[in-house]
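User: Please look at the structure shown here and take me through the contact between its chains.

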2 protein chains.
Amino acid sequence: MNKIITVSREFGSGGRELGKRLADALEIPCYDHEIIEMIADHHGFDKNYVAHISEKDIRAAYPLTIGHRFTPAPLVINMSVQVAVTQQKIIKQFANQGSCVIVGRCADVILCEMHPMNLFVYADQPSKLSRCAQRMPEGENLSPSELLRKMRQIDKDRAAYRGLFTDISWGQKEGYHLCINTSGHEIKSLIPPLAEYVSQWFTKNTV
Amino acid sequence: MNKIITVSREFGSGGRELGKRLADALEIPCYDHEIIEMIADHHGFDKNYVAHISEKDIRAAYPLTIGHRFTPAPLVINMSVQVAVTQQKIIKQFANQGSCVIVGRCADVILCEMHPMNLFVYADQPSKLSRCAQRMPEGENLSPSELLRKMRQIDKDRAAYRGLFTDISWGQKEGYHLCINTSGHEIKSLIPPLAEYVSQWFTKNTV
């Protein structure tokens with residue numbers, strides 16, 4: 001049985017790192033929003049292209065560290081319908097190829113017919129600010145208040161993007177199977193039991 | 001280090017069962033709202049009494065099965081301040097005695113200075129209705145709509161009771177460290193990885 005795991009997250013909560021590490025623990029690929037956006041922007045939707053690339057190929061061509069993307073997220077209202085549709089197709093293609101973790105891009109809603117397990121990752125404000133400050137790229141010297149403004153704007157954009165697909169609000173726990181508060185904890189340490197929980201969730205012991 | 005775990009839950013989500021099974025897996029006692037209410041009603045707050053009873057003594061005197069309490073919850077607005085204060089003292093006394101799971105009674109807020117790990121257990125409506133219908137006591141034949149009304153009333157009472165202690169709403173994920181959606185799953189099957197997660201959460205690997 002394919003395990004499709006989606007990760008939605010607040011900016012600075014470590015959700016992207018969690019998705020990547022969880023995928024590593026489960027030995028399945030992780031596709032994050034940067035990968036999906038990059039393919040959509042550079043290649044459009046070419047089923048053959050998407051089917052024949054691996055997560056590793058993409059990362060080799062476009063190295064990403066576990067951290068944040070600090071370049072400003074495009075305002076979702078400016079995203080063309082064509083790009084959004086292309087991203088959806090890419091997400092579905094990845095999910096059809098087998099078990100995977102998909103971070104962001106409303107994959108939980110886009111893939112709902114495939115019954116993914118949907119995680120939401122969040123944290124309190126001091127933890128998020130601290131995580132962002134630690135991982136701020138060189139040359140970007142935001143003050144705490146500028147960082148806070150940026151965090152809020154990115155989360156607002158994510159919520160608005162989700163609003164294009166569903167009425168269930170971004171971050172509303174009813175839309176997820178597990179909501180994980182990472183405040184004050186290293187993501188790495190939470191992964192082994194989380195991977196066990198996810199594996200158990202996919203076994204056939206439903207009521 | 002003491003592990004204090006609190007469980008808040010929607011009626012019918014299996015939160016009480018989850019708390020009991022989690023405590024068994026961690027080999028620590030579980031105190032649920034029935035135990036706390038029973039002591040408060042029958043004994044008031046007697047530090048010596050509370051310190052010298054074990055969860056097993058209470059269960060021997062007042063057997064509880066893993067299930068629901070279907071007798072109507074008292075409307076919280078009718079709970080005397082004296083009883084609420086007594087319950088709080090009993091909860092603190094239990095937590096001071098060592099690691100334990102406490103289900104309900106706003107233990108997460110009452111014990112916040114002891115840094116408990118706070119879980120919230122929830123489920124979708126069909127799952128909750130199905131669980132309640134399966135466990136309805138003999139002689140109680142509620143129709144689905146009556147059951148739904150009862151479920152909603154009990155959750156409303158829980159939210160109102162919480163409102164006496166804190167501004168963070170009942171069920172708002174920010175107030176909890178892990179929110180667990182049990183829809184369509186056997187509680188029993190989720191316990192082993194959950195117990196691992198909880199144990200890991202208490203280890204010293206904070207950031």
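This is a predicted model: local features need pLDDT of at least 70, side-chain atom pairs count only at pLDDT 80 or more; totals for chains, interfaces and linings use all residues.

Analyst: Residues are numbered from 1 along each chain as its sequence is written, chains are lettered from A in the order in which they are written, and side-chain values use heavy atoms, with hydrogens and water left out.

User: What area is buried between chain B and chain A?

Analyst: Contact, meaning heavy atoms within 4.5 Å, takes in 26 residues from chain B and 26 residues from chain A. Buried area is the accessible area (1.4 Å probe) that two parts lose on being put together, summed over both. Carbon and sulfur atoms give 60% of the area between chain B and chain A, which is about 2600 Å².

User: Which strand of chain B pairs with β5 of chain A, residues 178-181?

Analyst: Strands here are DSSP runs (E, at least two residues), numbered from the N terminus, and two of them pair if DSSP finds at least two bridges between them. One bridge joins A:L178 to B:I180. The pairing is antiparallel over three bridges, and the partner strand is β5(B).

User: Is B:H185 buried or exposed?

Analyst: B:H185 lies in the loop between β5 and α9 of chain B, and its side chain reaches the backbone oxygen of B:S183 at 3.1 Å. Buried means under 20% relative accessible area and exposed over 50% (1.4 Å probe, protein chains only). Because its relative accessible area is 4%, B:H185 is buried.

Methods: Helices (H or I, at least four residues) and strands (E, at least two) are DSSP runs, numbered from the N terminus. A polar contact is a pair of N or O atoms within 3.5 Å; within protein, one must be able to donate a hydrogen and the other to accept it, and residues adjacent in sequence count only if both atoms are side-chain atoms.
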